[in-house]
Structures are given as C-alpha cells and as structure tokens.
Amino acid sequence: MPHSLKNASLNLKTNRGMDNLIIRHAHYDELEAIARLDALVFGQNAWPFNSFVNELQLHFSKLLIAELDTTFAGFALAWYIADEIQLMRIAVNPVFQRNKIGSTLIQHITHYAQNQSKIVLEVADNNTQAIAFYTSLGFYRVGVRKNYYHLNSAILMEKIIDHED
C-alpha cells in the first residue's frame, strides 16, 4: 500500500533537511493511511475512515498531505467558511515530528485563504505540547469550551491571517 506508516518509521533519519518535503492535496487512495495516522495520533478521539471520505466531497474542505522523501508524514484538514478557516485536524507521524512539517502544513492551509481573515482551532486543555506549538505560530487563546473532550475542556485559539505573506 502506498504511503504506509510502517515504511515511514523505518526510513526516517532524525532532523532531516526539509528539501524533499512536498505538501499537496490528498487523493482518495491515501485516505486509509490518513485514517491510520489519525488513529495513531488521536487514539479514542480519532475520526472514522468515512469522515475523511466525506471531507473530500465538501467544496469548503481542503485535505492536504505532507510527504518527506515520498513518504507520507502528515496531514492537515481545514474548512474555509465565510471569513475564517477552521483547522479541523492536523497530525504528523511522531517519527517525523519536530521537523517543521506541522508548521509547513498550517502555512499551506493559510495560503489558500481568500476572504478569510483568521484561522481558528480547538485543542484539548491538557495537550500542552500542541498548545505550545500553536502559540509558537502566533495563535492566541480566545475562549474555552468546558468538558468538550470527555473530561477535558477545549481551548479555542485563533490567528489573524496576514495576506501580505
């Protein structure tokens, strides 16, 4: 199967250069690998395969994947609605983390903004690593949804899009 997560963990040398990183739109035949990575990263909060199938059919949804040396490394899913981008999902295979793949995916998600003035997201309040990551990219906290993730609350974060970039 193309883009398998098993191959990703076998072929990585840590702290690689990003010369061979490609961000592109996902295709239907890659959804199984995307769903597996989602399950690996989000565990019990993973989306089912059919949710990703549905996303490919929505006109306001973009599902991007990251490939490093032709190996599937991560994905980002966003909705472009009215004046904002809603970052729905982002996941990078743990083997590839800390190589700027997540930040590059978010840059590409933002690149597609047309009338959107901000990008918004929700993150579990106990996911301090993700909160620090988003904060490092210029996101700031704008609210809380109590008990949104079972026992954890969701931190609402946003970032104003600079269309000059």
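Among contacts (heavy atoms within 4.5 Å) in the protein chain between residues at least 6 apart in sequence, 63% join residues at least 24 apart. This is a predicted model, where local features need pLDDT of at least 70, side-chain atom pairs count only at pLDDT 80 or more, and totals for chains, interfaces and linings use all residues. Residues are numbered from 1 along each chain as its sequence is written, and side-chain values use heavy atoms, with hydrogens and water left out.

**Overall layout**

- The protein chain has 5 helices and 7 strands, taken as DSSP runs (helices H or I, at least four residues; strands E, at least two) and numbered from the N terminus.
- Reading from the N terminus, the elements go α-β-α-α-β-β-β-α-β-α-β-β.
- Of the 165 residues in the protein chain, 42% count as buried; buried means under 20% relative accessible area, exposed over 50%, and partly exposed in between, with a 1.4 Å probe and protein chains only.

**The cores**

- Nonpolar side chains tend to be buried together in soluble globular proteins.
- A nonpolar core here is a set of buried Ala, Val, Leu, Ile, Met, Phe, Trp, Tyr and Cys residues joined through side-chain atoms within 4.5 Å.
- The largest one has 28 residues, and Ile 85, Ile 101, Leu 105, Ile 109 and Tyr 134 touch the most other members.
- At least two residues of this core come from each of β1 (21–25), β2 (61–68), β3 (71–81), β4 (84–92), α4 (101–111), β5 (118–124), α5 (128–136) and β7.
- There's also a second, separate core of 14 residues, with Ile 34, Leu 63, Ile 65 and Phe 75 among them.
- Leaving aside neighbours within four places in sequence, Ile 85 is in contact with residues including Trp 79, Ile 109, Val 120 and Ile 161.
- Helix α4 has these buried residues: Ile 101, Gly 102, Ser 103, Thr 104, Leu 105, Ile 106 and Ile 109.
- Their cover includes β1, β2, β3, β4, β5 and α5.

**The largest pocket**

- A pocket, found on a 1 Å grid over the protein atoms alone, is an open set of points where a 1.4 Å probe fits, with protein on both sides within 12 Å along at least five of seven lines; lining residues have an atom within 4 Å of a point.
- The largest pocket has a volume of about 1,200 Å³, meaning the space filled by probe spheres set on the points, which are joined across faces, edges and corners.
- Its lining takes in 39 residues, and Phe 42, Ile 90, Asn 127, Ala 130 and Tyr 134 lie nearest the centre.
- Strand β4 gives the largest share of that lining, 7 residues.
- The lining splits into 22 nonpolar, 13 polar and 4 charged residues.
- For that count, Ala, Val, Leu, Ile, Met, Phe, Trp, Tyr, Cys and Pro are nonpolar, Asp, Glu, Lys and Arg are charged, and the others, Gly among them, are polar.

**Arg 89**

- Arg 89 sits in strand β4 and counts as buried because its relative accessibility is 9%.
- Arg 89 and Leu 77 are 12 residues apart in sequence, yet 5.0 Å apart in space, C-alpha to C-alpha.

**The β6–β7 hairpin**

- Strands β6 (residues 140–149) and β7 (residues 152–160) run antiparallel and are joined by 6 bridges; strands pair if DSSP finds at least two bridges between them.
- The hairpin has 2 residues between its strands, and His 150 in the turn has a positive phi of about 55°.
- Tyr 140 stands opposite Glu 158 in β7.
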